[in-house]
Amino acid sequence: MKLFIDTANLDEIKKANSYGVLDGVTTNPTLLSKEKEEPMVQFKKICEIVKGPVSAEVTSLDAEGMLAEAKELAQISSNIVIKVPCTIDGLKTTKELSASGIKTNLTLCFSPSQALLVAKAGATYVSPFVGRLDDISTEGMNLIEDIRVIYDNYGIETQILVASIRHPLHFVEAARIGADVATVPLSVIEKLMKHPLTDIGIKRFSDDWEKLKTSLVK
Ligand code: E4P
């Protein structure tokens, strides 16, 4: 499963990239609003750090506006992926972009029917939001399972990009189900490598090593 970071913050992206496990970046208008930089400039800076896919979202609601924005965004760098909402206008936009060879990430997916239609329109990625479903007492991970089954039934190549991940269990479950990508905030990426027994083990080895060195000096 590929690992993307879900942020528009350059320091976080650089940090995650330095861990050697980062495959790409997803952003959204809310994440960009925290950065106080002109979004086109911010996308360019992000693409200079990460060579894998970088999702940049359109904000128009109609297909014509989405396409105009998408064409501008696609010129920033060859690794820009156009993030489009799961709406009828999003479908039309996806069809056009896919015909021109521009990659798309269909965002705000909350149902298997949306996932099937965006795949038919040629989406490169679909982003089901698991955390936001959990927030309304609906099991977000069931959606990932449903989409996996449906896509496998028909040999659909659209990649399932699990979004709105809030904790390590979401990440592990996404991998168990066979999602293609998980996009994860930095705080959760760091938790993925944390284990109290690792910390206790390191301390014990280091204490025993010190004891050995001290005993040899005497
Ligand atoms: C995905 O691309 C979105 O940016 C993101 O995962 C949304 O997460 P949230 O529900 O925690 O805002």
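Predicted model: local features only at pLDDT ≥ 70, side-chain atom pairs only at ≥ 80, totals over all residues.
Q: Is Ala163 buried or exposed?
A: Burial is read from relative accessible area: buried is under 20%, exposed over 50%, and partly exposed in between (1.4 Å probe, protein chains only). Ala163 has a relative accessible area of 5%, so the residue is buried. Of the 218 residues of the protein, 45% count as buried.

Q: Where does Ala163 lie in the fold?
A: Elements are DSSP runs numbered from the N terminus: helices are H or I with at least four residues, strands E with at least two. The loop between strand E7 (159–162) and helix H9 (168–177) holds Ala163. Its C-alpha atom is separated by 9.2 Å from that of Arg132, 31 residues apart along the chain. In total the protein has eleven helices and eight strands, and its C-alpha trace spans about 80 × 40 × 30 Å along the principal axes.

Q: Which residues are closest to the centre of the largest pocket?
A: A pocket is an open set of points on a 1 Å grid over the protein atoms alone, with protein on both sides within 12 Å along at least five of seven lines; lining residues have an atom within 4 Å of a point. The largest pocket has a volume of about 250 Å³, the volume being the space filled by probe spheres set on the points. Among its 17 lining residues, Asp6, Asn28, Leu31, Arg132 and Ser164 are the closest to the centre. By class, five lining residues are nonpolar, seven polar and five charged.

Q: Which helices each supply at least two residues of the lining of the second largest pocket?
A: They are helix H2 (29–33), helix H3 (39–49) and helix H4 (63–74). This pocket contains about 150 Å³ of space. Its lining includes Pro29, Met40, Phe43 and Glu69, and by class has six nonpolar, one polar and three charged residues.

Q: Is Leu216 buried or exposed?
A: Leu216 is exposed, because its relative accessible area is 64%. The residue is found in helix H11 (residues 196–217).

How values were computed. Residues numbered from 1 in each chain as written. Heavy atoms only, no water. 1 Å grid on protein atoms, 1.4 Å probe; cavity = no way out; pocket = protein on both sides within 12 Å on 5 of 7 lines; lining within 4 Å. Nonpolar A, V, L, I, M, F, W, Y, C, P; charged D, E, K, R; others polar.
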